[in-house]
Amino acid sequence: LLSSFLSKTEEFNSIDPIDSQTLLAKFGTHLPRTSYLVKALFDSLERSNFDEAYAKLFDILEIAKLEINRPIVVILEEFQRIANLPIKYPFEILGKKLAVQRDIMYIISSASVNDAKKIIREKLSLLFCNFEVIDVEPFDYATCESFIDKKCGNLNLQACFKDFIIILSAGSPFYLNTICSKLFELAQIHRYSMPQRDLVIKTLEELVFRSDGILNQYLLSKLGSLSKDKKLNVYTQALVQISNENKICNLPPILRKSDARININKIMKELIQKDFFSKLGVFYRFNDRLFKLWLNSVYAVKESPYKN
């Protein structure tokens, strides 16, 4: 926001935007009240007062809007993960700020539908009437096919590979965009000489199987909120078990011998609540096919502390 404001001035063109101290000193002459709040925020962080610093973030937006005299739209992606920050009352603070900042548009998004609705219902209930809730559904087959054709340019991807990508992504716009962008990038690098089958395999290798792959990092982050105990992450182990057999029938020894207070039925219920999978009788079906593939073929092999 501040960089965008200063970019309109000629003198800002010589400033490295990565240099936060230079940036802070620079916009201090243009936006004194905003600058004061940013410095106060840094002071709160130095004192490890994270609740105070978190609240100041929203105050900065309000003051900055007044000083730059421009409309502001704030997008909080995967906003339910705010709960993972070292803040005592993250959603209570958020709710109070949203209630008074009526001139700022907030867009909150989440791929964890159940978690998001629960937070809005239980912790942001007083603001619920001010939210317009939009469910973003996966693309249908025709839209997926059209999207792939558009994103892949003149690659002219064969129908069988289109079908594979559509099934694997389950029509997720994020997955489709990420896969198609990498597919087209690799096709250009190899001057369209690589067979399409090898191109698709190479795309998945770079996105899903490599440790620095975009989708690998994204899918790994989905496990971040399950448990901070890496030595005994029963949630992750239950997911790995389901990815192999689709049901909890042969629990690994580490789960059977673990703390008696661990209730596997409660764990499964929480995983369903977090949209990892749905229950069909005694079977469990992953809601995200790509996540299941990654969990079984990448995480269980490279990352899991339970591998042999």
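Q: At what angle do helix α7 and helix α8 pack?

A: This is a predicted model, and in it helix α7 (residues 141-151) and helix α8 (residues 159-169) pack at an angle of about 115 degrees. Their axes are 10 Å apart. The crossing of the two helices is right-handed.

Q: Which residues of α7 and α8 make the contact?

A: On the α7 side, look for Y141, C144, E145, I148 and D149. Their partners on α8 are K162, D163, I165 and I166.

Q: Okay, let's zoom out. How many helices and strands are in the protein?

A: You'll find 15 helices and 4 strands. Of the 308 residues, 40% count as buried.

Q: Which residues is F291 in contact with, leaving aside its neighbours within four places in sequence?

A: F291 touches L219, K222, L223, L239, F276 and F286.

Q: Now for rings. How many aromatic pairs does the structure hold?

A: There are 13. Take F58 and Y106, whose rings sit 6.2 Å apart, centre to centre, with 45 degrees between the planes. That makes them a tilted pair. F58 is in helix α4 (residues 50-68) and Y106 is in strand β2 (residues 104-109), so this pair ties together parts that are 48 residues apart in sequence. Both F58 and Y106 are buried.

Q: Why is the pair of F277 and Y284 edge-to-face?

A: Check the angle between the planes: over 60 degrees counts as edge-to-face. The planes of F277 and Y284 are at 65 degrees, with the ring centres 5.2 Å apart, so the pair gets that name.

Q: And is F277 buried or exposed?

A: The cut-off for buried is under 20% relative accessible area. F277 has 1% relative accessibility, so F277 counts as buried. Y284 is buried too, with a relative accessible area of 9%.

Q: Which residues form one aromatic cluster?

A: F277 and Y284 belong to it, together with F276, F286, F291, W294 and Y299.

How values were computed. Residues numbered from 1 in each chain as written. Predicted model: local features only at pLDDT ≥ 70, side-chain atom pairs only at ≥ 80, totals over all residues. Heavy atoms only, no water. Contact = heavy atoms within 4.5 Å. Phe/Tyr/Trp six-rings, centres within 6.5 Å; stacked < 30°, edge-to-face > 60°. Buried < 20%, exposed > 50% of the residue type's maximum accessible area, 1.4 Å probe, protein only. Axes fitted to C-alpha atoms, helices over the stretch in contact; angles between N-to-C directions. Left-handed = near helix turned anticlockwise from the far one by under 90°.
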